[in-house]
Amino acid sequence: IVPMLTEERRKDLTKAVKKLGEDAKVALRNERRDALEHLKKMEKAKEISEDDLTSGEKEVQKMIDEMVVKIDQLVVKKSEEIMEV
């Protein structure tokens, strides 16, 4: 039998969920940095044009923005689930 969660424990779990969300966003920012560096190296090596570099950067940023919104939605949803009595 699992005991009911106390309000204090629920708040602690909500904080943990928010921290995990922030950690996920940091990981996304690191991946964005790596992707942009890779694109710049390709442009420097003349593998892609400057226009391709610009469009690639925009596409990477678009994907990152979409994932950040999903992470925020998941954090809010899970926090609400945890705080339900």
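A contact means heavy atoms within 4.5 Å. Among contacts in the protein chain between residues at least 6 apart in sequence, 68% join residues at least 24 apart. This is a predicted model, in which local features need pLDDT of at least 70 and side-chain atom pairs count only at pLDDT 80 or more, while totals for chains, interfaces and linings use all residues. Residues are numbered from 1 along each chain as its sequence is written, and side-chain values use heavy atoms, with hydrogens and water left out.

**Fold and shape**
- The protein chain has 2 helices and 0 strands, taken as DSSP runs (helices H or I, at least four residues; strands E, at least two) numbered from the N terminus.
- Its radius of gyration, taken over C-alpha atoms, is 19 Å, well over the 12 Å that the globule rule gives for 85 residues, so the chain is more spread out than a compact globule; the rule is 2.2 Å times the number of residues to the power 0.38.
- The C-alpha atoms fill a box of roughly 65 × 20 × 15 Å along the principal axes.

- Buried residues (under 20% relative accessible area, 1.4 Å probe, protein chains only) make up 19% of the 85 residues.
- Isoleucine 71 touches Gly21, Ala24, Lys25 and Leu28, not counting residues up to four places away in sequence.

Conventions
Buried < 20%, exposed > 50% of the residue type's maximum accessible area, 1.4 Å probe, protein only.
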